[in-house]
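Here are some exercises, each followed by a worked solution. Try each task on the structure yourself before you read on.

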Amino acid sequence: MNELKEIRVNDQRLLLNDNLVKSSILPRAASELERDVVIQGDTIIEGAVYAKYFEIQKGKLEVQGAVFTQIELHVNTDAKGSATFRKTVGSADSIVLLLQLIV
């Protein structure tokens, strides 16, 4: 797992895949309020997360701080692995999770 001690993003989309994030993912400027966070593989985030759109595509995810989205927190239907949120999760609009039940 690649350790990231500080997140500096020049793009509007932060892609995380096999990362250990040692800090929070919070906006530092008004332009960062529009940032999306996408989990593409096993990821641990030790701090809080603020994103316009937070998407879990696949892999294990653990977020140890609070999570807030401006638009949506979305878990893909075909996502594999577990998602663990240790603190509050909220969204100004929606939290979407579509499950497939295996009988």
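**Exercise 1. Decide whether Phe 68 is buried, partly exposed or exposed.**

Step 1. Recall the cut-offs: buried means under 20% relative accessible area, exposed means over 50%, and partly exposed lies in between, with a 1.4 Å probe and protein chains only.

Step 2. Phe 68 has a relative accessibility of 37%, so this residue counts as partly exposed.

Before going further, a word on the model. It is predicted, so local features need pLDDT of at least 70 and side-chain atom pairs count only at pLDDT 80 or more, while totals for chains, interfaces and linings use all residues. Residues are numbered from 1 along each chain as its sequence is written, and side-chain values use heavy atoms, leaving out hydrogens and water.

**Exercise 2. Find the aromatic pair and describe its geometry.**

Step 1. Rings of Phe, Tyr and Trp (its six-membered ring) pair if their centres lie within 6.5 Å; planes under 30 degrees apart are stacked, over 60 edge-to-face, and the rest tilted.

Step 2. Searching the whole structure gives 1 aromatic pair. Its rings belong to Tyr 50 and Phe 68, with centres 6.0 Å apart and planes at 20 degrees, so the pair is stacked.

Step 3. Now place the partners: Tyr 50 sits in strand β6 (residues 49-56) and Phe 68 in strand β8 (residues 67-75), so the pair links distant parts of the chain, 18 residues apart. Strands here are DSSP runs (E, at least two residues), and helices are H or I runs of at least four, both numbered from the N terminus.

**Exercise 3. Which side chains form salt bridges, and which parts of the chain do they tie together?**

Step 1. Count a salt bridge when a side-chain nitrogen of Lys or Arg is within 4 Å of a carboxyl oxygen of Asp or Glu. The whole structure holds 4 salt bridges; three of them follow, among them the one between Glu 46 and Lys 22.

Step 2. Between Glu 46 and Lys 22, the closest N and O atoms are 3.4 Å apart. Glu 46 is in the loop between β5 (43-45) and β6, and Lys 22 in the loop between β3 (19-21) and β4 (36-39), so parts 24 residues apart in sequence are tied together. Glu 46 is partly exposed at 31%, and Lys 22 is partly exposed at 38%.

Step 3. Lys 52 and Glu 34 meet at 3.0 Å, N to O. Lys 52 belongs to strand β6 and Glu 34 to the loop between β3 and β4, so this bridge ties parts 18 residues apart in sequence. Lys 52 has 27% relative accessibility and counts as partly exposed; Glu 34, at 37%, is partly exposed.

Step 4. Glu 62 and Arg 86 meet at 3.2 Å, N to O. Glu 62 lies in strand β7 (residues 61-63) and Arg 86 in the loop between β9 (83-85) and β10 (89-91), so the bridge ties parts 24 residues apart in sequence. Arg 86 counts as exposed, with 54% relative accessibility.

**Exercise 4. How many helices and strands does the protein have, and what are its overall dimensions?**

Step 1. Count the elements: there are 0 helices and 11 strands.

Step 2. Along its principal axes, the C-alpha trace spans about 45 × 30 × 25 Å.

Step 3. Finish with the cover: buried residues make up 37% of the 103 residues.
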